[in-house]
Structure formats: structure tokens, C-alpha cells
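Biologist: I have not looked at this structure before. Please take me through how to read it.

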Amino acid sequence: MHPNTRQHNSARRVGRARQVAIMAASVGFVGAVAIVGTPPAHAAAPPTLRVGLYNGPDDWTGWQSSVDTKNNRDCRMRVAAPPAAKLNRNAPISGKGNYAWPQNFIPAGQYRLQVVCPTASSPAISFYSPRSPFNDARTMFSNYTRGVFGI
């Protein structure tokens with residue numbers, strides 16, 4: 001185009017609008033590809049905790065807790081227990097294992113267990129001392145319902 005030739009204003013605006021539309025579409029396409037191509041973050045699986053009954057020799061009848069921290073780090077077993085119970089209420093724990101709670105060594109009452117890690121926690125599950133048909137039913141109810149009812 002010759003420098004002295006006048007161009008209509010609407011032609012200039014259409015050209016700029018087209019450039020803006022192409023740029024917006026390009027940025028949107030690149031952004032969509034970046035989002036689709038990004039793998040999802042993998043959150044750590046929550047630890048598991050189960051409480052069961054066991055019957056051993058008279059002085060070792062009690063409860064057994066089974067724990068799996070599911071590769072979480074810096075986990076702790078928290079225990080809400082009667083004040084008379086002499087036990088570690090916030091013990092470090094890692095990996096898989098079974099822990100015995102013999103009834104002859106712990107006072108009567110409710111014991112609420114939970115595995116707590118920085119990124120996830122297990123449900124809080126209770127067992128009840130001393131062993132009796134009623135307390136055993138309460139313990140198994142708490143285990144089966146994963147502690148949802150706070151029992």
C-alpha cells in the first residue's frame with residue numbers, strides 16, 4: 001500500500017481483533033495441553049487401624065491392634081485412655097505391626113486409638129476394658145463401623 005493511501009479505520013480494527021482472537025486461542029490451547037499433560041498428584045493413602053479380641057493364657061487375654069501406616073512418615077499412635085492407665089499416649093509408629101493390650105495390665109475404661117500422620121489419619125477406634133460379652137460387643141461395633149459413632 002502506498003503511504004499516502006488512506007486505509008479505512010474498520011479494516012484496521014478487524015485486523016487487530018483477529019490478532020487478539022488468534023493470540024487468545026493460542027494461549028488457551030497451550031494452557032489446555034499443559035493441564036491435560038500434567039499427571040495428578042498422588043496423595044498418601046491413609047493409615048489403617050483395626051482392633052480385635054484375642055484369647056490367650058489367662059494373664060494375656062485382651063485386645064490386639066493391627067496397624068499399617070501405608071508408607072506415611074512421622075506417624076504417631078494416639079491413645080485416649082483413663083487417667084490411671086500408665087502408657088505412652090502419643091507413641092511414634094511406622095510400618096505394619098500388631099500390638100497387644102493385655103487386660104491384666106490396663107485399668108478398666110474406654111481406650112480410643114488413632115494413627116495420626118502429617119498428611120492423613122486413621123479412624124479412631126475404641127476398645128473397652130475389662131473383657132466381658134458387653135464390652136466385647138462394644139469393641140467389635142467400634143471396629144466394624146470404623147469409629148464413626150464415637151463408640
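Biologist: Among contacts in the protein between residues at least 6 apart in sequence, what percentage join residues at least 24 apart?

Modeller: Contact means heavy atoms within 4.5 Å. Among contacts between residues at least 6 apart in sequence, 56% join residues at least 24 apart. Keep in mind that this is a predicted model, where local features need pLDDT of at least 70 and side-chain atom pairs count only at pLDDT 80 or more, while totals for chains, interfaces and linings use all residues. Residues are numbered from 1 along each chain as its sequence is written, and side-chain values use heavy atoms, with hydrogens and water left out.

Biologist: How many helices and strands does the protein have?

Modeller: Helices (H or I, at least four residues) and strands (E, at least two) are DSSP runs, numbered from the N terminus. The protein has two helices and seven strands. From the N terminus on, the order of elements is α-β-β-β-β-β-β-β-α.

Biologist: Which order do the strands take in the open sheet of three strands?

Modeller: Strands of a sheet pair through backbone hydrogen bonds, either parallel or antiparallel. Two strands count as paired if DSSP finds at least two bridges between them. Here the order is S1-S2-S5, and the pairing is antiparallel. S1 (48-54) and S5 (96-102) are the edge strands with a single partner strand each, so one side of each is left without a neighbour in the sheet. On average, neighbouring strands of this sheet are turned by 20° against each other, direction ignored. For such angles, axes are lines fitted to C-alpha atoms, for helices over the stretch in contact, and angles run from 0 to 180 degrees between N-to-C directions.

Biologist: How many bridges join S2 and S5?

Modeller: S2 (residues 62-68) pairs with S5 over seven bridges, in the antiparallel sense. Within S5, Gly97 stands opposite Val67. Helix H2 (residues 133-144) packs on this sheet and touches S1 and S2; the direction of H2 makes about 160° with that of S1.

Biologist: What is the order of the open sheet of four strands?

Modeller: That order is S4-S3-S6-S7, again with antiparallel pairing. S4 (90-93) and S7 (125-129) are the edge strands, and each pairs on one side only. Neighbouring strands of this sheet are turned by 25° against each other on average, direction ignored. S6 (residues 109-116) and S7 pair over five bridges. Leu113 has Ile125 in S7 as its bridge partner.

Biologist: Which residues does Ala80 touch?

Modeller: Ala80 is in strand S3 (residues 75-80). Not counting residues up to four places away in sequence, Ala80 touches Gln110, Tyr111 and Arg112. The C-alpha atoms of Ala80 and Tyr111 are separated by 5.7 Å, although the two residues are 31 apart along the chain. Ala80 counts as partly exposed, at 45% relative accessibility.

Biologist: Where does Thr119 lie?

Modeller: Thr119 lies in the loop between S6 and S7. With a relative accessible area of 63%, Thr119 is exposed. Apart from neighbours within four places in sequence, Thr119 is in contact with Ala44 and Asn72.

Biologist: Which strand supplies the largest share of the lining of the largest pocket?

Modeller: Rolling a probe the size of a water molecule over the atoms shows where empty space is left. On a 1 Å grid over the protein atoms alone, a pocket is an open set of points where a 1.4 Å probe fits, with protein on both sides within 12 Å along at least five of seven lines; lining residues have an atom within 4 Å of a point. The largest share, three residues, comes from S4. Residues that line this pocket include Ser65, Met77, Ala91 and Trp101.

Key. Buried means under 20% relative accessible area, exposed over 50%, partly exposed in between (1.4 Å probe, protein chains only).
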